[in-house]
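Here are a few friendly notes to read alongside the structure.

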Amino acid sequence: MPVVTEIEDLHRIFRRRVPRMFYDYCESGSWTEQTFRENISDFDRIRLRQRVAVDMENRNLGTTIIGQDVSMPVALAPVGLTGMQNADGEIKAARAAHRFGVPFTLSTMSICSIEDVAAETGQPFWFQLYVMRDQDFLARLIERAKKANCSALVLTLDLQILGQRHRDLKNGLSAPPKLTWSAMMNLSTKWGWGLEMLRTRRRSFGNIVGHAKGVENPASLMSWIGEQFDPQLDWNKVHRIKEMWGGKLVLKGILDAEDARMAAEVGADAIVVSNHGGRQLDGALSSIRALPQIVREVGDRVEVHMDGGVRSGQDVLKALAMGAKGAWIGRAWVYGLGAMGERGVTTALEIIRKELDTTMALCGRKDVRTLDRNILLVPRDFEGDWA
Ligand SMILES: Cc1cc2nc3c(=O)[nH]c(=O)nc-3n(C[C@H](O)[C@H](O)[C@H](O)COP(=O)(O)O)c2cc1C
């Protein structure tokens, strides 16, 4: 096994180990992938102020996010289909996150069900909800999350319809995979992945199959999913879901200051500045660029978090210094999972913690709770002069 010292090492192993269809699903953005790329490259435009002769002993990365103690202000973002990147992937990731002391968010589109993750980990986790047209299914999903003791509901607002992702369309992505000739050729080279998948019974969407009316097999499942994202989702529905849930609510997928204001008015506990990892509206601003204006707009009323393009502890530090209370990682943990299962997720978190800690020290700060814009050098045109 190669020596792993950075997230990119996990990415390389992930790429070799996982079937092409699932690698592409993770690594793609929508249309031209401009926003997907800028989520990453805009972090590189921000520089750090090197400070010296500052006492750096006894540093602290621990804090609280939405009232929960965390070992560092990082959360695992919801990612669909992770049980296809590695057998029982959501259970493994939830365990790794819990041991590390950071929140894990289970996607509606997970392979392991809410009940499976709850039973196998015995720990509270966050549940991400997509609003579906089937009201009965939606209500039961919320009830299931309550019963499983989920400690926050993460309501995703930026996927009322699916952004067009060329790679998935070309690959005919499905779970379990459709066995076309080229998919079979590719699968036949992925022995490690295949053997583990054969040992688990969890190979389709665990929150949906057996729970939604008319979904009995992969074919009916794929057409159900295609029709179910609710295009009529509006702020009234968000409010209704808040009432139905009754617990901590995080609104994910906010990229505009006006929407941030609406989210604060609805009474969310936190918002996540996000463009879904560049998978929805291509051409939208990168998350790190959109963040400062949203912090200025609502930062005193609601916790503002961000995700998109975070691949290192330095990125986490920049997001926090720009005003985020937490930085969520998506692909970074999936690379770890696909590469090495639970150990890979732990490794990804360790890498990020080490980088965050070292960078913070070299910027002359000892406590993650004190990070602010003073440690950054931000180009004057960073937020853009858009009309
Ligand atoms: C493969 C993949 C699947 C995703 N599935 C979901 C999902 O089911 N629900 C959701 O709210 N966000 C989903 N997202 C978006 C992530 O929660 C997060 O916003 C994004 O990955 C952050 O960008 P990053 O991957 O650059 O860290 C997905 C992202 C990826 C890469």
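1. Let us start with the helices around the largest pocket. Helix H2 (20-27), helix H8 (166-171), helix H11 (218-228) and helix H16 (331-362) each contribute at least two residues to its lining. H11 gives the most, with five residues. Please keep in mind that this is a predicted model.

2. The volume of this largest pocket is about 980 Å³. Its lining counts 47 residues, and those nearest the centre are Tyr25, Leu162, Arg165, Asp168 and Arg279. Tyr25 falls in the range of H2 (20-27), and Asp168 in that of H8 (166-171). By class, the lining comprises 21 nonpolar, 17 polar and nine charged residues.

3. Next comes the second largest pocket, with a volume of about 470 Å³. It is lined by 22 residues, and Leu157, Asp158, Leu159, Gln160 and Gly253 lie closest to its centre. Helix H12 (235-245) and strand S8 (249-254) each supply at least two lining residues here. Sorted by class, this lining has twelve nonpolar, six polar and four charged residues.

4. Which residues line the largest cavity? They are Tyr130, Val131, Thr156, Leu159, Gln160, Phe229, Asp230 and Leu233. Five of these lining residues are nonpolar, two are polar and one is charged. The volume of this cavity is about 50 Å³, and the structure holds one cavity of 30 Å³ or more.

5. Stepping back to the whole chain, the protein has 16 helices and twelve strands. Its radius of gyration is 20 Å, close to the 21 Å that the globule rule gives for 387 residues, so the protein is as compact as a globular protein of that length. The C-alpha trace spans about 60 × 50 × 45 Å along the principal axes.

6. How much of the protein counts as buried? Of its 387 residues, 57% do.

7. One last point concerns contacts along the sequence. Among contacts with a separation of 6 or more, 75% are made by residues 24 or more positions apart.

Key. Residues are numbered from 1 along each chain as its sequence is written. This is a predicted model: local features need pLDDT of at least 70, side-chain atom pairs count only at pLDDT 80 or more; totals for chains, interfaces and linings use all residues. Side-chain values use heavy atoms; hydrogens and water are left out. On a 1 Å grid over the protein atoms alone, a cavity is a set of points where a 1.4 Å probe fits but cannot get out, and a pocket is an open set with protein on both sides within 12 Å along at least five of seven lines; lining residues have an atom within 4 Å of a point. Grid points are joined across faces, edges and corners, and a volume is the space filled by probe spheres set on the points. Ala, Val, Leu, Ile, Met, Phe, Trp, Tyr, Cys and Pro count as nonpolar, Asp, Glu, Lys and Arg as charged, and the others, Gly among them, as polar. Helices (H or I, at least four residues) and strands (E, at least two) are DSSP runs, numbered from the N terminus. The radius of gyration is taken over C-alpha atoms; the globule rule is 2.2 Å times the number of residues to the power 0.38. Buried means under 20% relative accessible area, exposed over 50%, partly exposed in between (1.4 Å probe, protein chains only). Contact means heavy atoms within 4.5 Å.
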